[in-house]
Amino acid sequence: ICDGDTRFAVIGDFGEAGGPEEDVAALVSGWRPDFVVTVGDNNYPDGTASTIDENIGRYYAEYIYPYQGAYGPGAAHNRFFPSLGNHDYHKEDAAPYVNYFMLPGNERYYDVQRGPLHLFILNSNWQEPDGRARDSLQARWFNDKILASDAVWKIVVLHHTPYSSGRQHGSQVVMQWDYEGLGATAVIAGHEHLYERVERDGVVYITNGIGGRRRVYPFGDAVEGSAVRYNQDFGALLVTAGETCINFSFVNRDEAIIDSHTLSVK
């Protein structure tokens, strides 16, 4: 375990109001994280304006600024950094999502720096106007940003998981960018409603898609580098980072630690 000062939670495929999401939100709240990151599918089933506050604000308003919803005053400054999932795009241009949040940059993809961390939050959906291929405008933005970063830990966040043993969607080849060559520490994604940690070419790939959507997906054959696979219950990822170490711990809603993985500065 790493005793770093910066702690954040990652939730994925979570935005369906009800018992599982409520349990995961309570787990996250108990951690008292500095901020919350999402790996997409924030607002099931269709990304509509009529469901977004019920699916997000009801459980996570305390992290959101500015917050205009019905579940309290919100945060004093923004501590909620979502990424776009395919269900958020069921409405044209993901307009309800863009209108609900006030995020950095163009709001579809952006970066955030906190302590020893630099987060690069990508839009892995095909609707992204700047593209999602390795040579796209978005990828060029990412390349420039990550290469210029002097952060100890460089974390990529997106919805469509590059490497997955999940049977429902599997590996998303279009998002298999050169994360190792660009110096990424870890790539955290969702889309598959399960948890998996894959290690490939010096990069940790985590799929964290069991944040509350009630349907959990099965596994198929294990992909190369698959170290941990879990799909028995819902949960969230806690990331703790310091100047010399970073820990990724997936915890289910019964507070059982399913996976704990620590990296140290080389």
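## Cis prolines

Pro45 lies in the loop between strand S2 (35-38) and H2. Helices (H or I, at least four residues) and strands (E, at least two) are DSSP runs, numbered from the N terminus. The peptide bond from Tyr44 to Pro45 is cis, with omega near -5°. Another cis peptide bond joins Tyr65 and Pro66, with omega about -10°. Pro66 sits in the loop between H2 and S3.

The model is predicted: local features need pLDDT of at least 70, side-chain atom pairs count only at pLDDT 80 or more, and totals for chains, interfaces and linings use all residues. Residues are numbered from 1 along each chain as its sequence is written, and side-chain values use heavy atoms, with hydrogens and water left out.

Asp13 is not a glycine, yet its phi is positive, about 50°. Its place is the loop between S1 and H1. Asp13 has a relative accessible area of 0%, so it is buried. Buried means under 20% relative accessible area, exposed over 50%, and partly exposed in between (1.4 Å probe, protein chains only).

Asp41 also has a positive phi, near 55°, and is a residue other than glycine. It belongs to the loop between S2 and H2. Asp41 counts as buried because its relative accessible area is 2%.

## Helices H1 and H2

H1 (residues 19-31) packs against H2 (residues 49-60) at an angle of about 30°, with the axes 10 Å apart. H1 is therefore roughly parallel to H2. Axes are lines fitted to C-alpha atoms, for helices over the stretch in contact, and angles run from 0 to 180 degrees between N-to-C directions. Angles under 35 degrees count as roughly parallel, over 145 as roughly antiparallel, 65 to 115 as roughly perpendicular, and the rest as oblique.

From H1, Glu21, Glu22, Val24, Ala25 and Val28 meet Asn55, Tyr59 and Tyr60 of H2. Contact means heavy atoms within 4.5 Å. The residues of this contact divide into five nonpolar, one polar and two charged. Here Ala, Val, Leu, Ile, Met, Phe, Trp, Tyr, Cys and Pro count as nonpolar, Asp, Glu, Lys and Arg as charged, and the others, Gly among them, as polar.

## The disulfide

The model has one disulfide, a pair of cysteine sulfur atoms within 2.5 Å. The bond joins Cys2 to Cys245, S to S 2.0 Å. The pair links distant parts of the chain, 243 residues apart: Cys2 is in the segment before strand S1 (6-11), Cys245 in strand S12 (residues 245-252). The torsion about the S-S bond of Cys2 and Cys245 is about 80°, so the disulfide is right-handed. Both Cys2 and Cys245 are buried.

## Two buried sites

Ala236 is in strand S11 (residues 235-241). It counts as buried because its relative accessibility is 0%. Leaving aside neighbours within four places in sequence, its contacts include Val24 and Val28, along with Val10, Ile11, Trp31 and Phe250. Its C-alpha atom is 22 Å from that of Tyr97, 139 residues apart along the chain.

Ser83 lies in the loop between strand S3 (80-81) and helix H3 (95-100). With a relative accessible area of 0%, Ser83 is buried. Not counting residues up to four places away in sequence, Ser83 touches Tyr97, Asp88, Asn42 and His159, among others.
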